[in-house]
Amino acid sequence: MAFVLKGPARFGFYLCTVLLALFSLSAFGHTIEGSDASFVEAIDGPAIFPFMYLGAKHMVTGYDHLLFLVGVIFFLYRPKHVVQYVTLFAIGHSITLLFGVLADLQVNAYIIDAIIGFSIVYKAFENIDGFKRLLGIDPNTRIAVFVFGLFHGLGLATKLQEFDLSENGLVTNIISFNIGVEIGQILALSAVYIMLSIWRSNASFLRHAFITNTALMTGGFMLVGFQLSAFFLQSPY
Amino acid sequence: MAENVSSEPPSPKNIIIASGVALLVALVVLFVAILPAEFGTDPLGTGELLGLNALSRDQNPFEEQLEGHRTDYVEFVLEAFQSVEYKYLMDLDSSMVFSWVADDELYYDMHAEPAALGPEYAESFEQGTADRQMGSFHAPFAGIHGWFWENRSLNTITVRLHSSGFYQSSTVFRDGGTFDRVIDPLAE
């Protein structure tokens, strides 16, 4: 790569990339909005494909989920491992998405989104060897990805529960939404994986890995800050 | 900052610096931009300085109108299978409140036609069968806005409409003809 940016300038560049990813999507809160929202409210009965579409859209446009996945597959070179980790993540979020909505689990969306932001910080910190070399511990990445998957699923569940979902066809619709989430994830991940693979074939990858993950961590901190601010400052209605 | 050499794992010092910088940058962006722009909180005064406060200002619930509102009452007697259309001429973003009550169930269709574009651009908002409906209406475009009522029974049904709003006049479409009604504003 032709970048010759040094030090802070280079960090700035990576940060800008992450920020651009964060802000290019109009809303920070990442909810289901506009005509999609009124559709979800109006639906009565099974609507497999619309919910699949909404699930996929939520994932593809969900920078919080995507940044975490970028962190997860950043150092996964073999497709087999990517599949393993992503499956763990998918199982995790499917469990809480399904049970969260069906059991009518009421969790504060801001807190969950703050934890999702924290999951990005956690993974980025792990990627810069923070746990191993700074804290001298080696937490199991698979378990972490699974547990954060549970939280991401709870986040999806709270987004769906903000709506007055009809009981009629509820299970079908949640499962459709979930399948859509997986499809969206595969689509988004393929793109990320291809880009990472191209980048990895270049020597610049390892040189810039540290700073990229630092920028990723910054994005994670920002999401945490944003969500906690919303939790403490925003009026409850 | 030294160039990070590929094969060497990062030193604890670099990890601390990186994490600190990440946290610091996030906090700076949070306090400088996100809090004023998203939450209307401006702890450092940067929201005022950069004009970000405007982004979090709520939409003003007050909406000014240039003319006084009008109030209207009409009733239509619909014989078996007769229908009538009654529409108000309204500007973009003007509003009205209404209640209509009929003796028995009627088919209704609340819809609007944009000014100068004609019936082929009509947009329908609510249809159904009921003996009453109350509500408010905010004109999404300038044009004529109102109801189509149809008596689909064999009985004679009377429908009575009360409304108040920022419309200028109304038109009755009935039996193939149109009749304009002048409605005077409450205040000039």
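Between chain B and chain A, an area of about 2400 Å² is buried, and carbon and sulfur atoms give 76% of it; buried area here is the accessible area (1.4 Å probe) that two parts lose on being put together, summed over both. By class, the side of chain B that touches chain A holds 17 nonpolar, six polar and two charged residues. In this scheme Ala, Val, Leu, Ile, Met, Phe, Trp, Tyr, Cys and Pro are nonpolar, Asp, Glu, Lys and Arg are charged, and the others, Gly among them, are polar. The contact (heavy atoms within 4.5 Å) draws 26 residues from chain A and 25 residues from chain B.

A word on the model: it is predicted, with local features needing pLDDT of at least 70 and side-chain atom pairs counting only at pLDDT 80 or more, while totals for chains, interfaces and linings use all residues. Residues are numbered from 1 along each chain as its sequence is written, chains are lettered from A and ligands numbered from 1 in the order in which they are written, and side-chain values use heavy atoms, leaving out hydrogens and water.

Now look for charge pairs across the interface: the count of salt bridges between chain B and chain A is zero. A salt bridge is a side-chain nitrogen of Lys or Arg within 4 Å of a carboxyl oxygen of Asp or Glu. Over all chains, the whole structure has 10 salt bridges.

Let us turn to chain B itself. Chain B has three helices and eight strands, which are DSSP runs (H or I, at least four residues, for helices; E, at least two, for strands) numbered from the N terminus. Along the sequence, the pattern reads α-α-α-β-β-β-β-β-β-β-β. Of the 188 residues in chain B, 39% are buried, where buried means under 20% relative accessible area, exposed over 50%, and partly exposed in between (1.4 Å probe, protein chains only).

Because B:Lys87 lies in strand 2 (residues 83-90) and B:Glu113 in strand 3 (residues 95-114) of chain B, the pair ties together parts that are 26 residues apart in sequence. Both B:Lys87 and B:Glu113 are buried.

A:Lys123 and A:Glu126 form a salt bridge between their side chains (3.7 Å, N to O). Both lie in helix 6 (residues 109-127) of chain A, three residues apart, about one turn of the helix, and both A:Lys123 and A:Glu126 are buried.
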